[in-house]
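Here is a brisk report on selected local features of one protein model. Please keep the sequence and the coordinates at hand while reading.

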Amino acid sequence: MKISVFGCELSGLVTAGSLAHTGNDVLAMPVGNLLKVRDLEQGLLPRDEPGLTTLVKSQVAEGRLRFSEDWQAGIAHAGIYMLSMPSWRSDKAEEVIEAIGQTASKDVLVINQSTFPIGTADRFEASIKLAFAQRGLVAKVSVVSMPEFISEGSAISDFSKPDRVVLGSHDQQSTAIIRDLMRPFNHVTDQVKVMSTRAAEYTKYAVNALLATRISLVNELANNAEHFNIDMEEVRQGLGSDNRIGFNYLFPGCGFGGPSFAADVQSLVGTLQSKGYDADLLKAVLQNNETQKEVLFRKAWRFFKNDLKGRKIAVWGLSFKPNTATVDNAPSVKTIEALVAQGAEVVAYDPKAGASFRRYWGERPGVTLVDDMYQALDGVDALMVMTEWRRFWTPDYEQMIERMRRPVIFDGRNIYEHSVLKSFGFRYFAVGRGDPI
């Protein structure tokens with residue numbers, strides 16, 4: 001099939017590369033001013049996503065994936081258009097829909113993967129139909145919702161091996177076309193869930209809301225477990241073994257981050273409030289998460305007797321999750337800001353996110369970035385683990401002891417065993433685990 005993908009950030013690039021890989025003729029167009037076609041063709045991508053550069057470069061070399069800054073060329077290329085943009089680019093999506101309505105000359109199928117407000121697909125379809133009518137063009141128009149459920153760090157696998165494909169469509173022919181388009185990723189078990197467009201849009205928001213609520217509840221349980229001298233890991237094992245609950249998203253920690261997760265939940269809160277509902281539970285979830293981002297700071301504040309001035313603190317992990325360079329809304333950012341505000345000196349290391357954090361932090365004093373995880377420990381009063389990168393899980397404990405001024409670890413991801421660290425002489429404070437404080 002000939003496919004035009006509007007959007008060349010993470011979702012758009014994964015979609016374009018994956019569809020090209022299964023034999024489609026894909027033309028992808030950036031919608032942001034900072035993305036250049038020449039960079040995209042050479043594999044210079046805006047996100048450092050595992051496998052994505054290889055996928056894009058291979059499909060460009062095969063000739064199945066091309067990039068263009070000319071939206072008109074994209075509209076002429078195909079009758080199937082995919083909107084794969086971040087939620088904050090809704091204004092660009094509006095421009096794409098307007099361009100399709102004004103210049104398309106044949107039947108149109110728009111597949112919206114983006115997380116835009118409920119009712120967007122219906123509104124986009126009505127807009128194109130009106131534009132066609134004003135031009136006297138007789139053609140079929142269908143706008144469907146197929147929300148993406150990819151996560152940074154595993155985006156290609158999430159797209160190509162989906163748990164489900166949520167498809168909001170009222171048109172059987174459009175549904176059949178999209179089923180065929182997604183068939184290579186859906187051939188083992190039929191994972192397509194067909195529903196109304198608004199139900200599909202609402203499903204994406206509902207999934208994020210439920211996961212956010214689950215994470216915040218586990219964090220609250222973990223914080224309170226400490227007051228009863230209970231190891232939250234034992235509780236987690238008991239919870240997860242209940243088949244009604246399971247183990248996914250059941251890890252206590254220092255809060256969730258990222259550019260979209262909390263923003264999508266906040267958008268749902270705004271949507272509900274616009275209809276006269278308070279959404280008190282979801283507002284509490286978001287507030288709980290913002291508070292949780294400072295859980296390690298509060299532990300350090302108590303440990304150092306309410307005085308962090310002049311303390312040297314190492315931070316392992318700046319990205320909001322492993323396998324990504326993104327620091328947007330990351331717990332590390334809020335924690336480091338709080339430490340520096342209290343006069344602490346921070347030395348930080350992250351395998352990928354150093355440059356991203358440097359751009360965010362700018363010329364402000366208080367933070368030194370280093371290129372080696374053990375170098376970050378030289379002469380520090382404590383280590384804070386903020387991201388669960390694999391290389392942090394089984395470090396050289398003896399080298400750590402030798403380098404640190406004080407053998408103190410605040411673990412925001414609960415990746416260590418208290419008994420092991422204690423045997424090496426560490427003081428260990430985690431989320432619902434470790435020494436009480």
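The model is predicted.

**Aromatic pairs**

The count of aromatic pairs comes to 18. Take Phe 303 and Phe 304: their ring centres are 4.9 Å apart and their planes stand at 90 degrees, so this pair is edge-to-face. Phe 303 is buried, and Phe 304 is buried too.

Trp 316 and Phe 392 make a stacked pair, with 5.1 Å from centre to centre and 20 degrees between the planes. Trp 316 belongs to strand β9 (residues 312–316), while Phe 392 sits in the loop between β12 (382–385) and α16 (397–403). The pair therefore ties together parts that lie 76 residues apart in sequence. Trp 316 has 0% relative accessibility and counts as buried. Phe 392 also counts as buried, at 0% relative accessibility.

Ring pairs also build a cluster. Its members are Tyr 397, Tyr 416, Phe 424, Phe 426 and Tyr 428.

**Helix α14**

Which residues of helix α14 (residues 331–341) are buried? They are Pro 331, Ser 332, Val 333, Thr 335, Ile 336, Ala 338 and Leu 339. An α-helix has 3.6 residues a turn, so residues three or four places apart point the same way. Gly 343 follows α14, and its phi is positive, near 90 degrees.

Most residues other than glycine have a negative phi. Asn 323 has a positive value, with phi near 65 degrees. Asn 323 lies in the loop between β9 and α14. Asn 414 also has a positive phi, near 55 degrees. Its loop runs between β13 (408–411) and α17 (418–424).

Is Asn 414 buried or exposed? At 15% relative accessibility, Asn 414 counts as buried. Asn 323, at 36%, counts as partly exposed.

Ser 169 is found in the loop that joins β7 (165–168) and α8 (172–182). Ser 169 counts as buried, with 11% relative accessibility. The cut-off for buried is under 20%. The side chain of Ser 169 makes a polar contact of 3.1 Å with the side chain of Thr 175. Beyond its neighbours within four places in sequence, Ser 169 is in contact with Val 144, Ser 174, Thr 175, Val 194, Met 195, Ser 196 and Thr 197.

**At the surface**

Phe 228, Ile 230 and Val 235 make a nonpolar surface patch of about 280 Å². Ile 230 counts as partly exposed, at 36% relative accessibility.

Ala 61 lies in helix α3 (residues 52–62). Ala 61 counts as exposed, at 69% relative accessibility. Between Ala 61 and Gln 42 the C-alpha to C-alpha distance is 9.9 Å, and 19 residues separate them in sequence.

**Accessibility in brief**

The table sets out selected residues discussed above.

| Residue | Relative accessibility | Class |
|---|---|---|
| Ser 169 | 11% | buried |
| Ile 230 | 36% | partly exposed |
| Ala 61 | 69% | exposed |
| Asn 323 | 36% | partly exposed |
| Asn 414 | 15% | buried |

Notes:
Residues numbered from 1 in each chain as written. Predicted model: local features only at pLDDT ≥ 70, side-chain atom pairs only at ≥ 80, totals over all residues. Heavy atoms only, no water. Helix = DSSP H or I, 4+ residues; strand = E, 2+ residues; numbered from the N terminus. Buried < 20%, exposed > 50% of the residue type's maximum accessible area, 1.4 Å probe, protein only. Polar contact = N/O pair within 3.5 Å; in protein donor to acceptor, adjacent residues only side chain to side chain. Contact = heavy atoms within 4.5 Å. Patch = residues over 30% accessible without salt bridge, like charges linked within 9 Å, V, L, I, M, F, W, Y side chains within 5 Å. Areas by Shrake-Rupley, 256 points an atom, 1.4 Å probe, with all protein chains shown as cover. Salt bridge = Lys/Arg side-chain N within 4 Å of Asp/Glu carboxyl O. Phe/Tyr/Trp six-rings, centres within 6.5 Å; stacked < 30°, edge-to-face > 60°.
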